[in-house]
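Here is a set of questions and answers to work through with the sequence and structure at hand. Try each one before reading on.

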Amino acid sequence: MITGFEKIVEERILAAQRRGEFDCLPGQGLPLEFEDDSHIPEDLRLAYKILKNADCLPPELVTKQEIYQTQELLAGMQDTQEKYRILKKLNFLILKLNSTRQRAICLEMPQQYAEVLAERMTSSHHRKIDS
């Protein structure tokens with residue numbers, strides 16, 4: 001059963017077709033291309049589509065971009081004090097990302113403490129041996 005609103009919409013679409021307002025549109029006569037959004041939760045699909053059409057990224061992807069940019073910045077740094085400050089920022093971003101995802105802890109992005117601690121322990125151990 002067609003509601004009153006749907007009937008009005010159908011009439012306006014048919015009237016526009018008769019006037020030729022849909023002629024020469026991009027993709028005319030071609031099948032519609034549907035995006036595979038099955039990996040996005042159903043309740044977020046419309047919101048993500050609106051964000052994509054507005055050239056905006058979801059907050060999780062913005063945080064991921066910041067993490068990758070911070071990792072690249074960190075890789076090229078030599079100053080230990082500045083490196084430590086950037087590492088704190090990186091770990092904050094990873095914590096922020098993990099808290100928004102609500103996933104199992106085994107699937108979370110690991111923070112960078114362990115690697116830096118191991119590096120620091122190794123270098124201090126070598127210094128003791130050398131002296």
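Q: Which loop of this predicted model holds Cys 24?
A: The model is predicted. Helix α1 covers residues 4–19 and α2 covers 45–53. Cys 24 sits in the loop between α1 and α2.

Q: What is the phi of Cys 24?
A: Cys 24 is not a glycine.

Q: Is Cys 24 buried or exposed?
A: Exposed means over 50% relative accessible area. Cys 24 has 73%. Therefore Cys 24 counts as exposed.

Q: How many disulfides does the structure hold?
A: Cys 24 is exposed, and Cys 56 is partly exposed at 38% relative accessible area. A disulfide would need two cysteine sulfur atoms within 2.5 Å. The number of disulfides in the structure is 0.

Q: Where is Asp 55, and is it buried or exposed?
A: Asp 55 lies in the loop between α2 and α3. Asp 55 has a positive phi of about 60°, although it is not a glycine. Its relative accessibility is 73%, so Asp 55 counts as exposed.

Q: What pattern does the protein chain follow along the sequence?
A: The chain has 5 helices. It has 0 strands. The pattern reads α-α-α-α-α.

Q: What percentage of the residues of the protein chain count as buried?
A: The cut-off for buried is under 20% relative accessible area. The chain has 131 residues. The share that counts as buried is 15%.

Q: How far does α3 reach from its first C-alpha to its last?
A: Helix α3 has 17 residues. At 1.5 Å a residue, the expected value is 24 Å. The reach of α3 is close to that, at 24 Å.

Q: Why do the buried residues of α3 line one face of the helix?
A: Thr 63, Ile 67, Thr 70 and Leu 74 are the buried residues of α3. An α-helix has 3.6 residues a turn, so residues three or four places apart point the same way. Seen down the axis of α3, the buried residues line one face because they fall within an arc of 70°.

Q: Which backbone oxygen does the side chain of Thr 70 reach?
A: Thr 70 lies in α3. At 5% relative accessibility, Thr 70 is buried. Away from its sequence neighbours up to four places off, Thr 70 touches Ile 86, Lys 89, Leu 90 and Leu 93. At 2.6 Å, its side chain reaches the backbone oxygen of Glu 66.

Technical notes
Residues numbered from 1 in each chain as written. Predicted model: local features only at pLDDT ≥ 70, side-chain atom pairs only at ≥ 80, totals over all residues. Heavy atoms only, no water. Helix = DSSP H or I, 4+ residues; strand = E, 2+ residues; numbered from the N terminus. Buried < 20%, exposed > 50% of the residue type's maximum accessible area, 1.4 Å probe, protein only. Polar contact = N/O pair within 3.5 Å; in protein donor to acceptor, adjacent residues only side chain to side chain. Contact = heavy atoms within 4.5 Å. Expected span 1.5 Å × (residues − 1). Arc of directions from axis to C-beta.
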